[in-house]
Amino acid sequence: MGHGNRTKRAVKKSALNSVIVCRCEEISEDEVRQAIKNGYHSPEELKRILRIGMGHCSGRGCMRVVARMIEEIAGIPIAKLQFPKSRPPVKPIKLQLLGQYRYESENS
(Lines give C-alpha, C1' and ligand atoms only; values in the text may rest on other atoms or scores of the structure.)
Protein backbone atom coordinates (compact mmCIF):
# COMPACT_ATOMS: atom_id res chain seq x y z
CA MET A 1 0.00 0.00 0.00
CA GLY A 2 1.43 3.30 -1.05
CA HIS A 3 1.44 6.54 0.82
CA GLY A 4 -1.16 7.92 -1.62
CA ASN A 5 -3.72 5.27 -0.64
CA ARG A 6 -3.31 6.02 3.07
CA THR A 7 -3.74 9.72 2.41
CA LYS A 8 -6.86 9.10 0.32
CA ARG A 9 -8.32 6.90 3.06
CA ALA A 10 -7.55 9.52 5.72
CA VAL A 11 -9.20 12.23 3.64
CA LYS A 12 -12.21 9.98 2.96
CA LYS A 13 -12.56 9.12 6.67
CA SER A 14 -12.26 12.77 7.60
CA ALA A 15 -14.93 13.71 5.07
CA LEU A 16 -17.16 10.89 6.35
CA ASN A 17 -17.10 12.34 9.85
CA SER A 18 -18.22 15.72 8.64
CA VAL A 19 -21.14 14.55 6.48
CA ILE A 20 -24.42 15.83 7.83
CA VAL A 21 -27.24 13.29 7.70
CA CYS A 22 -29.98 15.41 9.24
CA ARG A 23 -29.64 18.97 8.02
CA CYS A 24 -32.44 20.29 10.20
CA GLU A 25 -30.84 19.13 13.46
CA GLU A 26 -27.23 19.07 12.15
CA ILE A 27 -26.64 15.42 13.05
CA SER A 28 -23.50 13.96 11.46
CA GLU A 29 -23.11 10.52 9.96
CA ASP A 30 -20.54 9.71 12.61
CA GLU A 31 -23.04 10.47 15.41
CA VAL A 32 -25.65 8.22 13.80
CA ARG A 33 -23.15 5.39 13.27
CA GLN A 34 -22.01 5.62 16.89
CA ALA A 35 -25.59 5.51 18.19
CA ILE A 36 -26.36 2.44 16.05
CA LYS A 37 -23.22 0.75 17.38
CA ASN A 38 -24.40 1.60 20.92
CA GLY A 39 -27.54 -0.46 20.35
CA TYR A 40 -30.11 1.96 18.99
CA HIS A 41 -31.39 -0.07 16.03
CA SER A 42 -34.62 1.62 15.01
CA PRO A 43 -35.36 5.00 13.46
CA GLU A 44 -37.68 5.76 16.39
CA GLU A 45 -34.90 5.16 18.93
CA LEU A 46 -32.48 7.28 16.93
CA LYS A 47 -35.08 10.00 16.71
CA ARG A 48 -35.43 10.04 20.48
CA ILE A 49 -31.72 9.88 21.26
CA LEU A 50 -30.34 12.20 18.55
CA ARG A 51 -33.41 14.28 17.57
CA ILE A 52 -32.90 13.09 14.03
CA GLY A 53 -36.02 13.66 11.96
CA MET A 54 -37.46 16.17 14.42
CA GLY A 55 -36.63 19.23 12.38
CA HIS A 56 -38.60 21.18 9.85
CA CYS A 57 -38.70 18.35 7.27
CA SER A 58 -39.91 15.78 9.86
CA GLY A 59 -37.45 13.16 8.63
CA ARG A 60 -38.35 13.32 4.96
CA GLY A 61 -34.73 14.08 4.12
CA CYS A 62 -32.84 11.84 6.53
CA MET A 63 -34.87 8.79 7.57
CA ARG A 64 -34.09 6.81 4.41
CA VAL A 65 -30.37 7.45 4.92
CA VAL A 66 -30.64 6.41 8.57
CA ALA A 67 -32.52 3.24 7.56
CA ARG A 68 -29.74 2.30 5.13
CA MET A 69 -27.16 2.89 7.87
CA ILE A 70 -29.10 0.63 10.29
CA GLU A 71 -29.27 -2.06 7.62
CA GLU A 72 -25.55 -1.75 6.93
CA ILE A 73 -24.36 -1.72 10.55
CA ALA A 74 -26.95 -3.80 12.42
CA GLY A 75 -27.97 -6.09 9.56
CA ILE A 76 -31.69 -5.37 9.98
CA PRO A 77 -33.46 -5.20 6.60
CA ILE A 78 -35.12 -1.88 5.84
CA ALA A 79 -38.44 -3.67 5.23
CA LYS A 80 -38.46 -4.80 8.88
CA LEU A 81 -37.76 -1.36 10.34
CA GLN A 82 -40.58 0.55 11.94
CA PHE A 83 -40.45 4.23 11.08
CA PRO A 84 -41.76 6.97 13.35
CA LYS A 85 -45.22 8.20 12.52
CA SER A 86 -45.28 11.70 11.12
CA ARG A 87 -47.12 14.24 13.18
CA PRO A 88 -48.62 17.49 12.01
CA PRO A 89 -46.70 20.56 13.02
CA VAL A 90 -47.92 22.07 16.24
CA LYS A 91 -48.38 25.78 16.14
CA PRO A 92 -49.53 27.91 19.05
CA ILE A 93 -52.77 29.80 18.51
CA LYS A 94 -54.40 32.54 20.49
CA LEU A 95 -57.14 31.58 22.94
CA GLN A 96 -59.27 34.29 21.37
CA LEU A 97 -59.36 32.22 18.20
CA LEU A 98 -60.64 29.19 20.09
CA GLY A 99 -63.30 31.34 21.80
CA GLN A 100 -64.50 32.72 18.49
CA TYR A 101 -64.86 29.24 17.10
CA ARG A 102 -67.16 28.22 19.96
CA TYR A 103 -69.20 31.43 19.59
CA GLU A 104 -69.63 30.92 15.86
CA SER A 105 -70.61 27.29 16.38
CA GLU A 106 -73.35 28.21 18.88
CA ASN A 107 -74.86 30.87 16.57
CA SER A 108 -75.07 28.75 13.46
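**Figure 1. Lys47, a buried lysine without a salt bridge.** In this predicted model, K47 sits in helix α3, which spans residues 43-50. The side chain of opposite charge nearest to K47 is that of E44, at 5.2 Å. A salt bridge requires a side-chain nitrogen of Lys or Arg within 4 Å of a carboxyl oxygen of Asp or Glu, and K47 has none.

**Figure 2. Contacts around K47.** Leaving aside residues up to four places away in sequence, K47 touches I52, G53, M54, M63, P84, K85 and R87. K47 itself belongs to helix α3 and is buried.

**Figure 3. The protein chain as a setting for the close-ups.** Five helices and two strands are present in the protein chain. Read from the N terminus, the order of elements is α-β-β-α-α-α-α. The chain has 108 residues, and 24% of them count as buried. Its accessible surface is about 8600 Å², with 53% belonging to carbon and sulfur atoms. Among contacts between residues at least 6 apart in sequence, 47% join residues at least 24 apart.

Key: Residues are numbered from 1 along each chain as its sequence is written. This is a predicted model: local features need pLDDT of at least 70, side-chain atom pairs count only at pLDDT 80 or more; totals for chains, interfaces and linings use all residues. Side-chain values use heavy atoms; hydrogens and water are left out. Helices (H or I, at least four residues) and strands (E, at least two) are DSSP runs, numbered from the N terminus. Buried means under 20% relative accessible area, exposed over 50%, partly exposed in between (1.4 Å probe, protein chains only). Contact means heavy atoms within 4.5 Å. Accessible areas come from the Shrake-Rupley method with a 1.4 Å probe; for residues, only the protein chains shown count as cover. Lys and Arg count as positive and Asp and Glu as negative; His and the chain ends are not counted.
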